[in-house]
Amino acid sequence: MTPGEHAPDPRGAGTPAEFLARLQALKDWSGLTYRELTARAEEHGDVLPRSTVANMLARPTLPREELLLSYVRACGVAPAALEDWRTARRDLARRGPHAPASTPAAPPASPQGSLPDGSGGPSEDPVPSRHVPDASVDPAEDSAPRPRPRDPSGDPPEDSAPSPRRLPGPSAGPSEDPVPPPSWPGDPGPQGGRPGMSSRIRRALVAAVAVAGLVLAGVSVVAVLRDGGTGPAGQPPRTPAAPTAPSAPGAGDVRIRVAGTEFCLGERRGVRSGQVHQLPCAEAGFPRYSLAAVAAGRWRIVSHHPDFGPGCSGIPSGGRIPDAAYEDSECGDPSRVEVFALEPYGSPVRGHRIVPVGSATPGSCVTVVGDRTAAWARLAQAPCAPDATGQLFTFERAP
């Protein structure tokens, strides 16, 4: 939770929409991810599936009372304030049409991507949904049709429009000026005289001599290079190979490497926080990552965790905390920054920066913090450094 700030007060909410906005603000205040909220609820003896929380925050209707109390407790609200949330919900529910607590409604389309349980979001969003079976949501709250999520690891559809091609120009026609026949030595000139070699022939011979000189010069240069020991006679000279620049990121499965090191990005197995670390590439088996294009130059980094399913890498709380963790969690949380620009750095390119798009802390890059030479150093949002130390990554095709 943010130091020095009080938890949001539900008593000022006049509509269900305002009440839901305060519930979202409560999650931001807690600083907890969906995974951590589920774990906190279990500590209190409550059942709070991650998909249920996502549904509750995305719907325009009031949540069930028992769900509300489980969520508020998990967010860390003091026991004395629980009654305020319960009372505010009951007051809104009694207002009838202004607070339809039991009327099912389809969730609004989320610009951030599909909801974690696949119950909403625009169909064109390439990011998948995390879907966890949820027994705590009654049919009235969970009756909206669910579109089938698209494969997160698939490449975006290719543009079917043919690329324009330059058509060949009209072929050159015959010259309008007729070329006079060449005059040879001894032929009579146009006035009947014998001028000897015509000026046309002289110019042709001069040009031929010049071309022959250039050819001989080129042959001499090749001979010198061969004699210099760069390669045996009869074979082209050897030239040093140019350094290979990291390839541009493309949609599909990738392994994300810290540029110039043997470390790749991953998580600790059995930990719910979703914190991303650097670890030896040979050990970086989970989660698997893939890139999903959002717009031109904008990407989601999709995680595929063996325990928690598909999710998205992101920065919590809209990036308002300067050193906020770079973590994997469910896709579609509007409080997280889940879209990134992958900016090339260096000439030739040495790697790509992962820049959060729309972060409340501008000028930030995803950064390896702590001991950058050690395994399990964590990643977080930090100011983009002029030398990009600890901020360059390469996106290799997954083995």
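Predicted model: local features only at pLDDT ≥ 70, side-chain atom pairs only at ≥ 80, totals over all residues.

Residues are numbered from 1 along each chain as its sequence is written, and side-chain values use heavy atoms, with hydrogens and water left out.

**Exercise 1. Find the disulfides and describe the link of cysteine 264 to cysteine 281.**

Step 1. A disulfide is a pair of cysteine sulfur atoms within 2.5 Å. By this rule the count comes to three disulfides.

Step 2. For cysteine 264 and cysteine 281, the S to S distance is 2.1 Å. The torsion about their S-S bond is about 85 degrees, so this disulfide is right-handed.

Step 3. Now place the two ends, taking strands as DSSP runs (E, at least two residues) and helices likewise (H or I, at least four), numbered from the N terminus. Cysteine 264 lies in strand 2 (residues 263-266), and cysteine 281 lies in the loop between strand 3 (277-280) and strand 4 (288-295), so the pair ties together parts that are 17 residues apart in sequence.

Step 4. Counting bonded cysteines along the chain, the disulfides follow the pattern 1-2, 3-4, 5-6.

**Exercise 2. Is serine 313 buried or exposed, and which side chain does it join in a polar contact?**

Step 1. Buried means under 20% relative accessible area, exposed over 50%, and partly exposed in between (1.4 Å probe, protein chains only). Serine 313 has a relative accessible area of 0%, so this residue is buried.

Step 2. A polar contact is a pair of N or O atoms within 3.5 Å; within protein, one must be able to donate a hydrogen and the other to accept it, and residues adjacent in sequence count only if both atoms are side-chain atoms. The side chain of serine 313 makes such a contact, of 2.6 Å, with that of aspartate 328.

Step 3. Serine 313 belongs to strand 6 (residues 309-314).

**Exercise 3. Which residues make the contact of helix 4 with helix 5?**

Step 1. Contact means heavy atoms within 4.5 Å. Helix 4 spans residues 65-74 and helix 5 spans residues 79-94.

Step 2. Helix 4 brings Glu65, Leu68, Leu69, Val72 and Arg73, while helix 5 brings Leu82, Trp85, Arg86, Arg89 and Arg90.

Step 3. Sort these residues, with Ala, Val, Leu, Ile, Met, Phe, Trp, Tyr, Cys and Pro as nonpolar, Asp, Glu, Lys and Arg as charged, and the others, Gly among them, as polar. The contact has five nonpolar, no polar and five charged residues.

Note on methods:
Axes fitted to C-alpha atoms, helices over the stretch in contact; angles between N-to-C directions.
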